[in-house]
Amino acid sequence: MNKSDPIYVTQPYLPPLEDFLPYLEKIWSNKILTNGGPFHQQLEEALCKYLGVNHIALFTNGTIALVTALQSLRITGEVITTPYSFVATSHSLLWNGIKPVFVDVDPNTLNLDPARIEAAITPHTTAIMPVHCYGHPCDIEAIQKIADNYNLRVIYDAAHAFGVQDHGGSILRHGDLSVLSFHATKVFNTFEGGAIVCPDAKTKTRIDQLKNFGHVGEVTVVAPGINGKMSEINAAFGLLQLEHIDKALARRKEIDATYRERLAGVKGIHCLADAGEKLANYSYFPVLVQPDYPISRDDLYHTLKENGIHPRRYFYPLISDFPMYRGLPSADPANLPVASAAAQKILCLPIYPALETEQIDRITQLIAAQSM
Ligand SMILES: Cc1ncc(COP(=O)(O)O)c(C=O)c1O
């Protein structure tokens, strides 16, 4: 590491290259590259065990997994969701011809605010798609209560929530389905990848059919499925990553604690608290740049960039501000005051296992220096 090396918001965790070679040799010898091969099956089993869930269907990425999750439950009409997320959340609705209905977020967690959901329900509402933003659990009980009262499905976008647990176990067990992303930027990555966590074997069978063109056997197609399968090379890499994940999460926890300690006295910088999870994954380090910080969020963002530090404004702009959404009545900023304010203040600071304490010092000293 050089003192002047750029520091990006994240850096993928990569195990030693030589440890991956035996996996490649196996693929080269058995010549099975995809279509639910041995590594695919092994990774599904290993992830069920590691995460403590019953069924997992692996996917080529999280977005196709979201699109397929909606298909698998035959969701139509309107779906209530959050504007404070990555665009893939609501794009998955548009790809299914579903109308997103944006509801504001809770000011503490920046997750969908259950107190505002009921007012957005119409006779066309069929489901709720909340996001465990930054890996902090949504108010699962309150959301489920509303879903039960109105007979709605709940599909969690759990792209950020790998390994997160509440007091009863994995947060991925909640709702009808949970969708993970294993993109390069995520705490657990398979280069590209994703998964649907589902509660029963019957649902998994339907999802497995949908991700394989709707094929059931050689000559029968039962649904207009898609090609969403994870390849053997990605699955093999996932198996290797899993050996390192606990170490990677432990280092993230230390980095989170160091940031909190270094930033505790900096006026106007508010570190987002957890949401009461029993086990967090420290996938992001979001801070809110408050009005009493001497410079604006964007000025801080540019100052850091000029100094080789590259934070990201996740999530700015809000999804509801993009052209394909902003005409929706629910996209009106007046309907989304909390999310709109957060989008103006948010800055996600670099966090990844290889981030060194001296680099955290460089980042936090620069942030502190603006307020002196
Ligand atoms: C909240 C959220 N949902 C969905 C996705 C899409 O996942 P993928 O990139 O694996 O398609 C991402 C990240 O990329 C995300 O952050």
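Predicted model: local features only at pLDDT ≥ 70, side-chain atom pairs only at ≥ 80, totals over all residues.

Q: Fine. Where does P317 sit on that scheme?
A: P317 is in the loop between β15 and α9.

Q: What kind of peptide bond joins Y316 and P317?
A: A cis one. Its omega is about -5°.

Q: And what about the bond from Y314 to F315?
A: That peptide bond is cis too, with omega near 10°. F315 falls in the loop between β15 (309-310) and α9 (337-345).

Q: Is R74 buried or exposed, and why?
A: Exposed, because R74 has 10 C-beta neighbours inside 10 Å. The cut-off for exposed is 12 or fewer.

Q: Now F213. What is its phi?
A: Near 65°. F213 is a residue other than glycine, and the value is positive.

Q: Where is F213, and how many C-beta neighbours does it have inside 10 Å?
A: F213 is in the loop between α6 (201-210) and β11 (215-216). It has 14 such neighbours, so F213 counts as partly exposed.

Q: On to the sheet. What is the strand order?
A: β13-β14-β16. It is an open sheet of three strands, and the pairing is antiparallel.

Q: Which strands are at the edges?
A: β13 (269-271) and β16 (346-349). Each of them pairs on one side only.

Q: How are neighbouring strands turned against each other?
A: By 35° on average, with direction ignored.

Q: Let's look at one pair. How many bridges join β13 to β14?
A: Three. β14 covers residues 285-289, and the two strands run antiparallel.

Q: Which residue in β14 is the bridge partner of I269?
A: V289.

Q: What holds paired strands together in general?
A: Strands of a sheet pair through backbone hydrogen bonds, in either a parallel or an antiparallel way.

Q: Last one. Which helix lies across β13, β14 and β16?
A: Helix α7, residues 232-263. It runs at about 150° to β13.

Terms used. Residues numbered from 1 in each chain as written. Helix = DSSP H or I, 4+ residues; strand = E, 2+ residues; numbered from the N terminus. Buried ≥ 20, exposed ≤ 12 C-beta atoms within 10 Å, placed from the backbone. Pairing = 2+ DSSP bridges. Axes fitted to C-alpha atoms, helices over the stretch in contact; angles between N-to-C directions. Contact = placed C-beta atoms within 7 Å.
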